[in-house]
Amino acid sequence: MQKIWLDTDPGFDDWLAMLLLSANLDVEWLGVSVVAGNAPLATTYDNALRIKKHYHLDVPVYAGCEAPLNGAMETAQCILGDSGMSTTGDPLPVVDIRQSETEQEQQQKRSPLPHAVDALIEAVRRHPGELTLMCIAPLTNIATALQRAPDIAAQIREIILMGGSADQGNHTAAAEFNIYADPEAADAVFNAGVPLRMFGLNLCRQLLVTSAEVRQVRALGTMRAKWLAGYFDAYLRIRSPDASVPMPMYDPAVAIYLRRPELFSFKPARVDIELQGKLTRGMTVCEFRVPRRAAANAEVAMTVDGPSAMACMMQELLGTL
C-alpha cells in the first residue's frame, strides 16, 4: 500500500482531490499540510478543516507556511473569491477547530499541533523511502522542509505535483499559479534530487468536466452532495457565466494518477524555474532534449485518456457522497 502525504491550499479542486484520495483504498493517507496559496493560510486552513469535518476524513491536518520564501504573497482570490472557493449554493458550515480534532489529536490538547513542516519531516523520517508527497499547492512547505532537514531528500519516495506547464501559463501568460506563487520554493524542490512527476496545465487541459457532472452530484440528494454541487457549479462558472463551457480539472489529476496510472504518459525533461524574468517569472522551462542537452530532473505528464480519467473521477467521487 502506497503511503501518501498531501500538501494543499483548498481551493475547490483541492477539495475534489482530497475526496478522491480518501476513496482510494490502495493508499495510506498519513497527513495533510496546508499552505497559503489560493487564499491566505488562515482561510485555506479553515477550508481544509471544514472539508475534513463534513466529509469525515480521518487524517491529521496541519497549518504550514503563511508566506512564500521570497517576495509578496500571491493568491488566486481575484478568480476564486475571498474564501478561495466560491459557491452558488449553501457554504460549508463553519467548524470549531476543537471539533475537527481526531482522537489522537485530542490526546495532544495540552500542547498545540506541530507546524506542518515539522510534521512532514517527522513523517518522512518515520517512513524512509516509502512516502510519496502529493503536492497540489505552492511548494513553500516542501521547500522549507528540505531546507530545514536536507537529509529527507534521500528518504522521499517521490514527489507528484500539480504545477507548471509545458506550454502556456494561466496566472500569467507564462506561469501556472502554484509555481508563480512561490517560484523560489519550486526551484528548490525541482533541484533537490527527489524523483518528481509534474502534472502541468498542458495535461490538465485534457481533463474536462461539464455541467453534466454537477447534475450527477446534485442528483444524489445528500447534504454533502448538495454542498459539493454548489461549489462545483461555481467552479464551472469561472470559465463561462452560464457554466456551458467545459472546465479543466487541475489538482484532481494527481489523485486520478494514483488510482489509474496507466491512463497517463510521461516524458523525461529538465525543468527549470524562471526566477528573474519580468514577464516570465514562475515559468517552468521544460527541456525535453535529454540527456543530449541536459540531465532530466522530472517526468512531465504529456497525455491522458481524458474520458476514462473523468469517468474514474466521477465514479470515485460519487461513492464518497
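**Ground rules.** I'm working from a predicted model, where local features need pLDDT of at least 70, side-chain atom pairs count only at pLDDT 80 or more, and totals for chains, interfaces and linings use all residues. Residues are numbered from 1 along each chain as its sequence is written, and side-chain values use heavy atoms, with hydrogens and water left out.

**Entry 1: helix H8.** I looked up H8, residues 183-190. (Helices are DSSP runs of H or I with at least four residues, strands are E runs with at least two, and both are numbered from the N terminus.) Six of its eight residues are buried, so H8 is largely enclosed by the rest of the structure. (Buried means under 20% relative accessible area, with a 1.4 Å probe and protein chains only.) The buried ones are Pro183, Glu184, Ala185, Ala186, Val189 and Phe190. Among the elements they pack against are helix H6 (140-148) and strand E9 (264-273).

**Entry 2: H1 and H13.** How do the axes of H1 (residues 12-23) and H13 (residues 306-318) cross? They come within 9 Å and cross at roughly 75°. (Axes are lines fitted to C-alpha atoms, for helices over the stretch in contact, and angles run from 0 to 180 degrees between N-to-C directions; contact means heavy atoms within 4.5 Å.) The two helices are therefore roughly perpendicular, a label for 65 to 115 degrees. Leu16, Leu19, Leu20 and Ala23 in H1 meet Met313, Glu316 and Leu317 in H13.

**Entry 3: lining of the largest pocket.** I found that H1, H3 (77-80), H7 and H11 (223-236) each supply at least two residues of this lining.

Terms used
Buried < 20%, exposed > 50% of the residue type's maximum accessible area, 1.4 Å probe, protein only. Parallel < 35°, antiparallel > 145°, perpendicular 65-115°, else oblique.
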